[in-house]
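Below are my notes on the model, as numbered points.

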Amino acid sequence: MLPVVWRPRTTRVVAYALASTIMIGMVVLAVVVPSTWGAVDRIGLVVFGLVIAWIMHVLGRCRVVADVPGLTIVNPLYTRRYEWAEVVRVNMVTGDPWPTLDLSSGDSISAMGINGAEHQLAARQMTELRGLLRAYGEAPDPQSS
């Protein structure tokens with residue numbers, strides 16, 4: 001069953017489609033601009049396209065990965081790794097853009113790899129994540145040993 005990777009479908013499709021469209025558009029524009037535009041200007045257009053494509057990739061790479069040792073949360077600006085015991089609860093109410101993980105340290109972290117706008121998919125992913133949190137995150141009962 002593990003590892004499990006949850007990714008938002010719509011966000012990925014939009015991000016990579018937009019990145020491709022912008023990149024193609026900038027390359028075409030660099031080729032068809034008037035001859036008064038120099039090589040530096042043309043290269044600048046392509047570099048600008050690459051920067052926008054990179055930003056779209058950063059948004060499209062969001063995911064939540066569950067494996068036996070814990071969870072990896074990949075958000076646009078950072079990647080964090082947590083052991084199951086560090087995650088106390090996962091919350092996402094209707095209307096939230098993505099779930100929030102409450103940590104044993106008292107901190108909270110957003111998990112942008114599950115997109116609340118994808119209602120049915122997000123509900124299924126949340127059910128799976130909560131089930132894994134129950135299975136792996138709870139400390140064993142010392143009485144049963």
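**Notes on the predicted model**

1. At 41% relative accessibility, R124 is partly exposed (between 20% and 50% relative accessible area; buried is under 20% and exposed over 50%, with a 1.4 Å probe and protein chains only). The side chain of R124 forms a salt bridge with E128 at 3.0 Å, N to O; the term requires a side-chain nitrogen of Lys or Arg within 4 Å of a carboxyl oxygen of Asp or Glu. Both residues lie in helix α3, four residues apart, or about one turn of the helix. E128 is also partly exposed, at 28%.

2. Basis. This is a predicted model, in which local features need pLDDT of at least 70 and side-chain atom pairs pLDDT 80 or more, while totals for chains, interfaces and linings use all residues. Residues are numbered from 1 along each chain as its sequence is written, and side-chain values use heavy atoms, without hydrogens or water.

3. Fold and dimensions. The chain has three helices and seven strands, in the order β-α-α-β-β-β-β-β-β-α from the N terminus; these are DSSP runs (helices H or I, at least four residues; strands E, at least two). The radius of gyration is 21 Å, whereas a compact globule of 145 residues would have one near 15 Å (C-alpha atoms; the rule is 2.2 Å times the number of residues to the power 0.38). The C-alpha trace spans about 80 × 25 × 25 Å along its principal axes. Of the 145 residues, 36% count as buried.

4. Other salt bridges. The count comes to three. D67 and R81 meet at 2.7 Å, N to O; D67 lies in the loop between β2 and β3 and R81 in strand β4, so the pair ties together parts 14 residues apart in sequence. R89 and D102 meet at 2.9 Å, N to O, linking strand β5 to strand β6 across 13 residues. Of this pair, R89 is partly exposed at 43%, while D102 is buried at 14%.

5. Beyond its neighbours within four places in sequence, E118 is in contact (heavy atoms within 4.5 Å) with P8, R9, T10 and T11.

6. V74, in strand β3, is buried with a relative accessible area of 2%. Leaving aside neighbours within four places, V74 contacts R61, C62, R63 and T79. The C-alpha atoms of V74 and M112 are 7.6 Å apart, although 38 residues separate them along the chain.
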